[in-house]
Protein chains: 4
Amino acid sequence: MTKTRKSIISDMGRSSATRVEVRGLDLCEQILGRVNLGDMAFLELMGRLPSSAESTVFNAILATLVEHGLTPHAIAARLVYLGAPESLQAAVAAGLCGMGTVFAGGAEGVAKLLQENMPENVSAPLEPIAKEIVRDFMTRKAIVPGLGHPVHKPHDPRTVRLFEIAGENGLRGRHVRLMELIGLEAERAYGKTLPINATGAIGAISCELDLPWQIARGIAVIGRAIGLVGHLLEEIRQPIAREIWERAEEEAHGATKAS
Amino acid sequence: MTKTRKSIISDMGRSSATRVEVRGLDLCEQILGRVNLGDMAFLELMGRLPSSAESTVFNAILATLVEHGLTPHAIAARLVYLGAPESLQAAVAAGLCGMGTVFAGGAEGVAKLLQENMPENVSAPLEPIAKEIVRDFMTRKAIVPGLGHPVHKPHDPRTVRLFEIAGENGLRGRHVRLMELIGLEAERAYGKTLPINATGAIGAISCELDLPWQIARGIAVIGRAIGLVGHLLEEIRQPIAREIWERAEEEAHGATKAS
Amino acid sequence: MTKTRKSIISDMGRSSATRVEVRGLDLCEQILGRVNLGDMAFLELMGRLPSSAESTVFNAILATLVEHGLTPHAIAARLVYLGAPESLQAAVAAGLCGMGTVFAGGAEGVAKLLQENMPENVSAPLEPIAKEIVRDFMTRKAIVPGLGHPVHKPHDPRTVRLFEIAGENGLRGRHVRLMELIGLEAERAYGKTLPINATGAIGAISCELDLPWQIARGIAVIGRAIGLVGHLLEEIRQPIAREIWERAEEEAHGATKAS
Amino acid sequence: MTKTRKSIISDMGRSSATRVEVRGLDLCEQILGRVNLGDMAFLELMGRLPSSAESTVFNAILATLVEHGLTPHAIAARLVYLGAPESLQAAVAAGLCGMGTVFAGGAEGVAKLLQENMPENVSAPLEPIAKEIVRDFMTRKAIVPGLGHPVHKPHDPRTVRLFEIAGENGLRGRHVRLMELIGLEAERAYGKTLPINATGAIGAISCELDLPWQIARGIAVIGRAIGLVGHLLEEIRQPIAREIWERAEEEAHGATKAS
């Protein structure tokens with residue numbers, strides 16, 4: 001039995017002797033010198049350049065994701081660099097490996113929730129949907145994604161600003177509204193302050209930009225890759241990985257070493 | 001014997017309840033809505049926002065690095081995604097792992113070469129330095145980094161455009177000049193067409209932007225992380241990894257399977 | 001508010017000037033020259049050396065996991081090696097990244113299913129439990145893990161042999177029995193041949209060895225790490241990654257390149 | 001111009017409905033229940049099962065590599081697991097990424113040094129070669145690989161034991177001898193105690209086993225993959241990654257957070 005061959009097709013980019021094309025645009029003529037990196041990422045994902053409004057909003061959510069201080073991923077990347085300084089790319093890769101459900105899955109969860117629950121009828125009221133979503137999470141004793149923050153209270157300043165920017169650019173639509181209603185309903189139902197965190201804001205705005213939820217984690221990966229390169233440059237100049245390692249090792253094994 | 005403790009210091013970012021700071025700037029007030037992703041990367045690496053000229057040039061070199069078609073890294077990322085679709089971050093990481101000496105080390109090599117050979121005296125002639133560099137590589141039978149391309153001949157159109165953009169923005173300085181002289185000298189010495197490729201251009205322009213050579217590979221990693229997310233989104237919508245795998249497996253093992 | 005510090009404790013290994021200890025054993029005196037690598041892995045995971053019976057069974061399941069031909073992970077590792085031959089470790093890492101839910105999550109799913117459904121009462125009948133499990137998967141239209149194979153029919157020869165070895169060594173207990181009953185019930189309910197595959201066998205036997213299900217994926221990772229190093233050595237001697245890449249790229253982009 | 005197609009060939013393993021083959025052996029009949037994991041790794045790398053002597057020696061060097069306490073790689077793997085507990089494989093991968101020149105390149109360097117300097121004439125004296133090697137490293141101000149250890153002085157107990165095991169099994173040949181002579185000559189030339197460390201012993205013994213130096217790093221990767229799975233199981237039961245992270249973050253950013 002012979003299996004039918006499928007074709008191998010990719011339309012991301014191609015090149016000839018004198019021309020390089022990315023998503024149908026001429027790299028040299030239409031992109032270089034004109035398109036910033038955030039817009040380039042938009043082109044790469046969406047197959048077209050963003051409008052000016054989309055550009056402002058998309059660059060803002062990406063910029064939010066770049067630098068979050070000395071995160072577990074940043075420390076992991078630095079420790080890997082300590083062992084393999086000739087492979088900076090592998091240190092970034094190691095850090096990215098940690099962007100799973102706990103720290104980066106949030107925006108994916110938010111975007112999925114909003115996209116799957118958004119009614120097709122654009123004038124259908126959203127309040128009952130928000131109530132139903134929160135009730136469902138409470139019943140399952142699951143945590144509503146995109147809400148709450150250990151440090152930023154009562155508001156996450158990034159959310160306030162991102163929604164403001166979305167509004168100024170005509171992109172504060174029904175997905176943002178549904179997220180806000182979920183937040184209000186959750187605060188009422190749980191009886192505590194539950195601000196929409198940056199992850200929730202980014203998830204909601206990604207939906208306004210028509211990004212499919214499956215790629216929401218990819219947006220976080222793009223931002224954090226930049227941040228990890230930044231941390232590795234700081235590690236080159238002002239190393240801390242060895243100290244973090246030696247302290248941990250000494251505390252864990254110290255007694256024997258002293259013997 | 002007690003070892004002296006070093007401090008653990010990191011100045012990349014920090015946050016309080018109401019404020020998030022990245023490299024000393026207020027994220028919400030000074031960055032979001034104002035700074036594009038390329039400028040954010042510049043801030044993260046250099047500790048300050050770029051000038052308008054630097055912004056144009058830096059975004060151009062990053063944009064060049066995003067999409068290079070169906071590279072080995074892109075295929076590797078797609079194959080990893082096939083096995084672990086719940087871990088998009090790990091698929092990007094796997095692709096990045098392949099950005100080593102063969103495909104991404106070039107810009108690093110170029111930047112190192114130019115930075116180590118640039119005389120402090122800014123009026124010292126560069127021709128003899130270029131001659132000396134090429135002679136040294138020929139003696140060692142090593143390949144001069146940043147020259148030659150299998151497809152783009154007689155010029156790499158990206159190099160032409162990137163040097164043009166650098167020139168328009170006052171950043172076509174002595175590092176670019178030295179790279180050009182090395183190219184000319186290599187063509188003369190080897191007796192064949194050796195255009196400065198995009199890697200050579202990016203390495204040289206990185207030097208004009210004062211980026212340390214140790215981080216040149218990181219610039220490539222940033223661009224390619226975006227490209228890999230793009231390829232994974234295409235893989236989600238129009239999968240090819242399984243076909244690539246099955247064809248290879250069938251050719252390698254076919255005879256036995258048929259038995 | 002000061003947070004209470006937790007201690008950093010690790011009991012895996014420690015060393016002094018004259019002694020190296022692994023899980024409480026003296027490496028030089030009690031391990032080297034006496035303990036094979038599978039038993040070493042058992043020690044590392046379980047904190048004690050295996051009995052002779054456990055050793056035979058544990059080494060058998062690990063040996064099963066080493067080599068599965070030209071898998072997507074093996075191709076991914078080879079493609080990454082093509083770009084970064086100086087970082088063999090990163091190529092292995094890239095391949096491992098693909099051992100997620102699709103290819104390696106199976107044993108984890110099986111072990112979790114068996115451990116969570118095994119009654120504490122060791123004389124409780126298992127048939128009703130197997131029926132209930134299969135009914136539950138059918139209701140949820142989910143796939144029962146550990147059953148079925150595209151090539152190995154009507155039996156997976158590895159399962160037959162692994163259960164035989166487990167039996168010869170007194171480790172074919174109630175977890176294996178429950179897996180067999182699930183297989184029989186599933187064949188009855190779905191009306192088709194559904195052999196217990198190697199993943200199902202390994203998941204069940206892992207339970208007999210008291211391995212927690214959370215580490216079942218780790219067993220697969222151990223085996224496959226060996227296999228990936230093997231594939232990279234073959235790639236060094238008899239390279240195929242470039243050919244796989246070039247064929248895919250040519251098919252995807254060929255038209256333009258020819259132009 | 002049409003390029004000639006190369007064949008895609010892989011001889012690692014293959015399977016039919018009733019048979020699984022690994023390096024030419026029948027997995028079920030000739031391997032399972034008979035071959036331990038170390039011998040399986042030997043088969044995978046060398047294409048044949050080891051002799052009893054080779055098995056003892058090869059398992060000993062692999063066992064040496066499994067567990068080295070709370071290394072930077074182990075901490076990195078734990079930090080990555082903290083962020084992505086659903087992807088244990090990616091945490092192991094992240095740890096492996098750090099096995100580069102600093103911590104794992106040593107055995108590769110030793111094996112390359114010994115293989116490249118070993119004279120074909122098996123009765124040629126080795127002392128002058130050792131002298132020449134040490135002189136060369138001193139001239140280049142480079143560090144001779146495989147010598148010295150921060151904790152194990154005046155001898156690395158693992159080296160003593162590994163060479164003993166090699167001797168008992170007829171595998172303490174001229175590569176081990178050359179390594180010993182290099183160590184003696186280096187101690188004389190540098191005027192300080194420079195014991196052959198475990199890396200040096202493993203590199204030398206790998207040569208006695210006819211392993212090509214290009215795969216020496218792979219041997220370390222195999223051992224450490226097991227160790228990393230062990231550390232992740234300990235992390236699941238007795239977590240420390242969050243504490244390591246929080247302490248580092250607090251020290252680096254504490255002042256601002258308190259404000």
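Select chains B and D. In this predicted model, chain B and chain D bury about 1,600 Å² between them, and carbon and sulfur atoms carry 52% of it. Buried area here is the accessible area (1.4 Å probe) that two parts lose on being put together, summed over both. The size of an interface is often given this way, as accessible area lost when the parts come together.

Residues are numbered from 1 along each chain as its sequence is written, while chains are lettered from A and ligands numbered from 1 in the order in which they are written. Local features need pLDDT of at least 70 and side-chain atom pairs count only at pLDDT 80 or more, whereas totals for chains, interfaces and linings use all residues; side-chain values use heavy atoms, with hydrogens and water left out.

**Chain B against chain D**

Display the residues in contact, meaning heavy atoms within 4.5 Å: 22 residues of chain B meet 22 residues of chain D. The count of residue pairs in polar contact between chain B and chain D is 5, both residues being at pLDDT 80 or more. A polar contact is a pair of N or O atoms within 3.5 Å; within protein, one must be able to donate a hydrogen and the other to accept it, and residues adjacent in sequence count only if both atoms are side-chain atoms.

Next, colour chain B by secondary structure. On the side that touches chain D, the elements giving two or more residues are strand S1 (13–15), helix H5 (88–97) and helix H12 (241–258) of chain B. H12(B) gives the largest share, 6 residues. Helices (H or I, at least four residues) and strands (E, at least two) are DSSP runs numbered from the N terminus. By class, this side of chain B has 7 nonpolar, 10 polar and 5 charged residues. In this scheme Ala, Val, Leu, Ile, Met, Phe, Trp, Tyr, Cys and Pro are nonpolar, Asp, Glu, Lys and Arg are charged, and the others, Gly among them, are polar.

**Chain B against chain A**

Now show chains B and A. Here 84 residues of chain B are in contact with 84 residues of chain A. The area buried between chain B and chain A is about 7,200 Å², with 67% from carbon and sulfur atoms. In chain B, select B:Ile8, B:Leu37 and B:Gln89, which lose the most area to chain A, together 10% of what that side buries.

How many salt bridges cross the interface of chain B and chain A? There are 4, against 0 across the interface of chain B and chain D. A salt bridge is a side-chain nitrogen of Lys or Arg within 4 Å of a carboxyl oxygen of Asp or Glu. To see a salt bridge, pick B:Glu250 and A:Arg5, whose closest N and O atoms are 3.8 Å apart. Polar contacts link 24 residue pairs between chain B and chain A, both at pLDDT 80 or more. Helix H11 (residues 216–237) of chain B supplies the largest share of the side that touches chain A, 14 residues. That side of chain B divides into 41 nonpolar, 24 polar and 19 charged residues.

A rotation of 180° with 0.0 Å of shift along its axis superposes chain B on chain A, at RMSD 0.0 Å. That is the relation of a two-fold axis. B:Ala93 has the C-alpha of chain B nearest this axis, 2.1 Å from it.

**Inside chain A**

Hide the other chains. Chain A has 12 helices and 3 strands, and 64% of its 259 residues are buried. Buried means under 20% relative accessible area, exposed over 50%, and partly exposed in between (1.4 Å probe, protein chains only).

Select A:Gly106 in helix H6 (residues 105–117). Not counting residues up to four places away in sequence, A:Gly106 touches A:Thr101, A:Pro145 and A:Thr199.

**C:Arg161**

Leaving aside neighbours within four places in sequence, C:Arg161 is in contact with C:Glu168, D:Cys28 and D:Leu32.

Note on methods: Copies are superposed by least squares on the C-alpha atoms of residues with pLDDT of at least 70 in both.
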